[in-house]
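Have a look at the structure first, then work through the points.

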Amino acid sequence: MVAGEKNGAGRTADPSPDHPLAAGVDHVPVPRAIEAGKAPPHTGSLARRMMVIAAGWITILLLAGGFALERTLTDLVEDNFDDQLEYNMTGMITSAEIIDGEVWFSRSLGSQKFMEVDSGLYYQISADGYDPYPSRSLWDRTLDLRADHSVTTSQFYDSNQFANEPLRVLERSVQLPGSDTRWTFAVAASRDELVEQIGRVRSILVWSFAVLGLGLFIMAALQSIYGLRPLRRVRAAIQRIRTTGTNRVTDPLPLEVQPLVEELNALLAHSEKQAEEARTHAGNLAHALKTPLTVVNNAATAKAPDLPDTVIREATTMRRHVDHHLARARAVGRRAVGLASTPVCESAEAVRRAVERLYPNVRFDLDGKRDARVAIERQDLDEILGNLIENAAKYGGGSVFVTVDAESIGNERTGQCVIWVEDDGIGIPEEERIRIFDRGARLDTGKPGTGLGLAIVRDVAEIYGGGVELGESEDLGGLLVKLSLPRGPAQTDVPA
């Protein structure tokens with residue numbers, strides 16, 4: 001029958017030594033993916049995620065920066081182109097003179113292109129009532145001017161009046177000295193040169209930003225690979241733990257990864273401790289059951305007349321041993337929860353009412369802080385107090401005194417809640433107070449018992465981070481048991 005199944009009587013079979021409860025830990029179900037040998041689910045590659053984020057930001061920033069820089073450089077090229085037109089316009093106006101009603105230049109213009117046919121740089125001077133005076137570069141063509149001639153400021157505009165030659169035109173209306181006529185000066189230049197300059201600027205920007213983006217992406221990839229290398233070292237260290245039997249990660253790692261390694265080492269230490277506890281519990285239980293089983297086997301082999309009594313006696317002993325180790329297993333399993341908060345006085349009152357039925361002639365007194373709480377499960381606290389109070393009632397002289405939070409000073413709340421259990425019996429000699437915690441140790445063999453009560457108290461208290469000490473009661477003269485348990489959170493602090 002598999003451990004944990006129900007037998008024919010409807011009772012649940014005790015777990016085998018290999019069962020997790022026998023090891024002192026709760027059963028943790030293994031994920032189906034791991035049971036089937038499949039890889040556990042993941043959320044993708046961390047390095048790929050970092051590189052995608054870096055590539056996205058690099059692309060966005062380069063596009064935004066490239067667009068802004070392209071606009072700036074394009075505007076600069078266009079402004080420079082317009083400045084050249086303005087320079088030629090100024091040279092024309094300053095050198096223009098009216099002779100016999102016609103416009104003449106007192107000196108040659110600054111650009112030779114005005115003298116070359118279809119050179120791409122043209123000028124034209126016109127006025128109402130006069131024929132247009134074009135540059136030699138226009139040859140037999142004229143410029144169709146469209147600016148507002150009543151405005152004396154320079155006016156720029158684009159024109160497509162010449163086939164396959166877009167123009168950038170500058171016009172200005174001026175009145176020359178010695179003339180009452182308003183003359184319109186116009187300078188036009190082919191936009192092909194401007195477009196070519198802008199194209200070169202854009203080509204340089206595209207290639208420069210492409211190389212820059214590629215370099216930044218390679219740098220981000222190398223940074224991700226190099227930055228995540230410590231995680232691969234952690235993986236290799238964990239693999240060595242699995243394959244070579246080492247029990248700690250000792251490789252020097254960066255500060256950002258060191259907390260992870262510390263937690264991993266703490267987890268390994270915790271696992272080792274639980275495994276050691278499991279081996280100890282299994283060995284102790286096997287050792288404890290070996291003797292009763294041997295006694296029953298010998299009695300049955302010899303067909304002893306008191307075989308029924310022997311079986312009952314030894315079965316009771318084995319049950320106590322099993323209860324002891326199951327109590328430890330439950331305490332270890334509940335310890336991981338960490339949210340227990342049990343009122344001490346309520347548990348002590350419940351135990352007192354139960355023990356009073358067994359020992360009606362014993363007087364019980366309960367004193368101390370009524371609101372004291374300990375970080376231990378109620379069932380485990382009942383078992384601890386039950387063993388201590390029952391022992392005090394059984395071996396004492398008729399009086400049991402329980403003090404809750406006995407060693408607190410005023411309103412000061414220390415980390416441990418100390419519970420005193422005193423009786424008026426003969427006590428325990430000082431030289432025997434250590435040995436009495438051994439499993440099966442008993443000083444008074446005249447009364448029924450197995451000698452496991454104090455062992456259970458000590459083991460469960462230590463599992464929760466507490467302890468137990470024995471002393472002499474100053475008030476009653478008998479045994480004083482000092483039980484220390486971690487103080488629990490207030491009732492309002494416990495999650496629902």
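1. Where is the place of Asp405? Asp405 sits in the loop between β11 and β12. Helices and strands here are DSSP runs, H or I of at least four residues for helices and E of at least two for strands, numbered from the N terminus.

2. A word on what you're looking at. This is a predicted model, where local features need pLDDT of at least 70 and side-chain atom pairs count only at pLDDT 80 or more, while totals for chains, interfaces and linings use all residues. Residues are numbered from 1 along each chain as its sequence is written, and side-chain values use heavy atoms, with hydrogens and water left out.

3. (Buried means under 20% relative accessible area, exposed over 50%, and partly exposed in between, using a 1.4 Å probe and protein chains only.) Its side chain makes a polar contact with the side chain of Arg487, at 3.0 Å. (That term means a pair of N or O atoms within 3.5 Å; within protein, one must be able to donate a hydrogen and the other to accept it, and residues adjacent in sequence count only if both atoms are side-chain atoms.) Leaving aside neighbours within four places in sequence, Asp405 is in contact (heavy atoms within 4.5 Å) with Lys369, Ala372, Cys417, Val418 and Arg487.

4. For the overall picture, the chain has nine helices and 14 strands. Of its 496 residues, 36% count as buried. Take the contacts between residues at least 6 apart in sequence: 60% of them join residues at least 24 apart.

5. Next, the largest nonpolar core, which has 37 residues; Leu385, Leu388, Ile389 and Leu483 touch the most other members. (A nonpolar core is a set of buried Ala, Val, Leu, Ile, Met, Phe, Trp, Tyr and Cys residues joined through side-chain atoms within 4.5 Å.) Two or more residues come from each of α7 (344-358), α8 (378-395), β11 (399-404), β12 (416-423), α9 (453-463), β13 (467-472) and β14 (479-486). The biggest giver is α8, with seven residues. Apart from this core lies another, of 24 residues, including Val77, Leu85, Val103 and Val174.

6. Which residues does Leu483 touch, leaving aside its neighbours within four places in sequence? Among them are Ile384, Leu385, Leu388, Cys417 and Val418.

7. Searching the whole structure turns up one cavity of 30 Å³ or more. (On a 1 Å grid over the protein atoms alone, a cavity is a set of points where a 1.4 Å probe fits but cannot get out; lining residues have an atom within 4 Å of a point.) The largest cavity has a volume of about 60 Å³, a volume being the space filled by probe spheres set on the points, which are joined across faces, edges and corners. Its lining includes Glu349, Arg352, Asp365 and Ile389. At least two lining residues come from each of α7, β9 (363-368) and β11.

8. Last, a leucine elsewhere. Leu62 is found in helix α2 (residues 46-95) and counts as buried, at 16% relative accessibility. Leu62 and Phe209 are 147 residues apart along the chain, yet their C-alpha atoms are separated by 6.8 Å. Neighbours within four places aside, Leu62 is in contact with Phe209, Leu212 and Gly213.

How values were computed
On a 1 Å grid over the protein atoms alone, a cavity is a set of points where a 1.4 Å probe fits but cannot get out, and a pocket is an open set with protein on both sides within 12 Å along at least five of seven lines; lining residues have an atom within 4 Å of a point.
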